[in-house]
Amino acid sequence: MSWVWLQIALFGGWGGHTSQNDLVAPNEIWHRFYGMGVMGVRFSAKKRLQPTLCVELGRFISQERQRGLFSQTRWNSVGIGVRVRPLRRAFSPFGEGLVFRMNAQCRDANGKTIPGASSSLSVNGIGWGVGFSWQMSPHGEIALLYLRRRPQTPQLEGVPGPARDRIEGIVGQLSLFFISAPSNRSRF
């Protein structure tokens, strides 16, 4: 077990994005607003390749202002992934990939199910993210990243959309190392 180091990662963040003409029809302009949070465990935290288990919770609001359409979607997902941090310095870019299982519930402005929509969805998806991290001490790291999640469903808004919709945003992460790596560092 000496080759595995645990990193308990507490992530929190906010994301924002405006979608235009890609959700329903060319004559509709939808705007979306996001909020999300993540918690997870990352293994081999001092290595370049870091397997990850995480839970994500979020909510977004979609509006089509000209026609008065509105939906709010709450979602949660459980995912496994890998993070690559190529430089073993204090500052480093990084990238991550993720596969996840998402549960989502879409409601109207009054909190009721949208007519013709499912009361809840359960779908698989893939995601990725890129950003920069700073290991400020042997026991902690701060990171900022852009992430995108692609659940395999056309019904995230409760109305017909593209074959695959997306969730995206800018997220800040705070990571606390549960066990520090030993001082003899290898290249990988």
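This is a predicted model: local features need pLDDT of at least 70, side-chain atom pairs count only at pLDDT 80 or more; totals for chains, interfaces and linings use all residues.
**Close-up 1. Arg148 and Glu168 pair up between strands β8 and β9.** Arg148 belongs to strand β8 and Glu168 to strand β9, so the bridge ties together parts 20 residues apart in sequence. Glu168 has a relative accessibility of 3% and so counts as buried.

**Close-up 2. Arg149 meets Glu56 in a salt bridge.** The distance from N to O is 2.9 Å. Arg149 sits in strand β8 (residues 140–151) and Glu56 in strand β4 (residues 49–64), so this pair ties together parts that are 93 residues apart in sequence. Both residues, Arg149 and Glu56, are buried. The pair also belongs to a network: salt bridges link Glu56, Glu96 and Arg149.

**Close-up 3. Arg83 and Glu141 form a salt bridge.** The closest N and O atoms are 2.9 Å apart. Arg83 lies in strand β5 (residues 69–84), and Glu141 lies in strand β8. The two residues are 58 residues apart, and their pair links distant parts of the chain. Arg83 is buried, and Glu141 is buried as well. In total, the model holds five salt bridges.

**Close-up 4. Strands β4 and β5 make a hairpin.** The two strands run antiparallel. They are joined by 16 bridges. Gln63 has Phe70, in β5, as its bridge partner. Four residues lie between β4 and β5. In that turn is Gly68, with a positive phi of about 70 degrees.

**Close-up 5. A second hairpin view shows β5 and β6.** Six residues connect β5 to β6. These strands run antiparallel, with 13 bridges between them. Ile80 has Val99, in β6, as its bridge partner.

**Close-up 6. A nonpolar patch lies on the surface.** Which residues form the nonpolar patch? They are Phe91, Trp134, Met136, Ile142, Leu174 and Leu176. Together they have about 550 Å² of accessible area. Strand β7 (121–137) supplies at least two residues of the patch, and so does strand β9 (167–177). Phe91 is placed in strand β6 (residues 91–107). Is Phe91 buried or exposed? Phe91 counts as exposed, because its relative accessibility is 58% and the cut-off is over 50%.

**Close-up 7. The whole chain puts these views in context.** The protein chain has nine strands and zero helices. Along the sequence, the pattern reads β-β-β-β-β-β-β-β-β. The chain has 188 residues, of which 41% count as buried. Its accessible surface comes to about 10000 Å². Carbon and sulfur atoms hold 63% of that surface. How much of the contact set joins residues 24 or more positions apart? Such residues account for 62% of the contacts with a separation of 6 or more.

Technical notes:
Residues are numbered from 1 along each chain as its sequence is written. Side-chain values use heavy atoms; hydrogens and water are left out. Buried means under 20% relative accessible area, exposed over 50%, partly exposed in between (1.4 Å probe, protein chains only). Contact means heavy atoms within 4.5 Å. Accessible areas come from the Shrake-Rupley method with a 1.4 Å probe; for residues, only the protein chains shown count as cover. Patches are made of residues with over 30% relative accessible area and no salt bridge: like charges are joined within 9 Å, nonpolar side chains (Val, Leu, Ile, Met, Phe, Trp, Tyr) within 5 Å. A salt bridge is a side-chain nitrogen of Lys or Arg within 4 Å of a carboxyl oxygen of Asp or Glu. Two strands pair if DSSP finds at least two bridges between them.
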